[in-house]
Amino acid sequence: MCFSFFEPLHSSFKHCRPLLCVDGTFLTGKYKGQILTAIDVDANQQILPLAFAFVEGENKESWLWFLRHLKVGVVQDRPNVCLIHDRHAGLLSAVKSLQEDADEPFPWPDLQSRWCMHHMEVNFYKKFRSKKLMDMFKLLCSQNQEGKFNALWKELDDLTQAH
């Protein structure tokens with residue numbers, strides 16, 4: 001396994017939103033395995049690639065190793081950082097260990113974990129195969145007013161129950 005982060009971008013993370021998007025993807029070609037990445041977005045909506053790691057596979061152990069290095073090398077003592085992710089089972093398990101395991105050498109109890117809207121949309125569409133329902137779901141995800149959110153939620157819930 002190999003972990004790396006970009007020092008100039010690490011310094012800029014201190015001035016960005018406390019938000020990290022993490023994901024893994026397959027390596028193809030001569031070398032096999034996975035690459036795990038962490039990115040952020042600055043105030044100008046520019047993507048900042050903060051860290052990456054080459055690992056054997058996307059599993060709990062690899063994610064735990066990557067997130068520990070991310071915490072120590074990039075996040076450090078910054079509180080309430082939120083991870084946006086695709087709900088990979090290994091990642092969810094690693095996050096839970098960092099938040100709750102009393103024996104964790106690099107605990108991260110204030111780590112927040114949220115699902116990526118794009119991945120949720122894809123899964124939603126696979127389940128219901130309806131562009132209309134998916135568009136309603138996307139609208140629901142972008143609501144910032146509680147009343148509109150609740151009304152859309154009820155309508156979408158009714159439609160998906162009937163689907």
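Residues 24 or more positions apart account for 58% of the contacts in the chain with a separation of 6 or more, a contact being a pair of heavy atoms within 4.5 Å. The model is a predicted one, in which local features need pLDDT of at least 70 and side-chain atom pairs count only at pLDDT 80 or more, while totals for chains, interfaces and linings use all residues. Residues are numbered from 1 along each chain as its sequence is written, and side-chain values rest on heavy atoms, with hydrogens and water left out.

The C-alpha atoms fill a box of roughly 50 × 40 × 35 Å along the principal axes. Of the 163 residues, 36% count as buried, where buried means under 20% relative accessible area, exposed over 50%, and partly exposed in between (1.4 Å probe, protein chains only). The accessible surface of the chain comes to about 10,000 Å², and 57% of that area belongs to carbon and sulfur atoms; such areas come from the Shrake-Rupley method with a 1.4 Å probe, and for residues only the protein chains shown count as cover.

Six helices and six strands make up the secondary structure, both taken as DSSP runs numbered from the N terminus (helices H or I of at least four residues, strands E of at least two). Along the sequence they follow the pattern β-α-β-β-β-α-β-α-β-α-α-α.

The six strands form an open sheet with mixed pairing, in the order 1-4-3-2-5-6; two strands pair if DSSP finds at least two bridges between them. Strand 1 (2-5) and strand 6 (112-115) each have a single partner strand and stand at the edges, so one side of each is left without a neighbour in the sheet. Neighbouring strands are turned by 25° against each other on average, direction ignored. Within the sheet, strand 2 (residues 19-27) pairs with strand 3 (residues 33-41) in the antiparallel sense over seven bridges, and C21 has I39 of strand 3 as its bridge partner.

Helix 2 (residues 60-75) lies across strands 1, 2, 3, 4 (47-55) and 5 (82-85), and runs at about 140° to strand 4. Helix 3 (residues 89-100) also packs on the sheet, where it touches strand 2, strand 5 and strand 6, its direction making about 165° with that of strand 5.

The structure holds eight aromatic pairs, in which rings of Phe, Tyr and Trp (its six-membered ring) have centres within 6.5 Å, planes under 30 degrees apart counting as stacked, over 60 as edge-to-face and the rest as tilted. The ring centres of F124 and F137 are 4.6 Å apart and their planes stand at 15°, so this pair is stacked. The pair links distant parts of the chain, with F124 in helix 4 (residues 117-128) and F137 in helix 5 (residues 131-141), 13 residues apart, and both residues are buried. F149 and W153 form another stacked pair, 5.8 Å centre to centre with 25° between the planes; being four residues apart in helix 6 (residues 146-162), they are separated by about one helical turn. F149, at 29% relative accessibility, counts as partly exposed, and W153, at 49%, likewise counts as partly exposed. Elsewhere, ring pairs link F3, F5, W63, W65 and F66 into a cluster.

Note on methods
Axes are lines fitted to C-alpha atoms, for helices over the stretch in contact, and angles run from 0 to 180 degrees between N-to-C directions.
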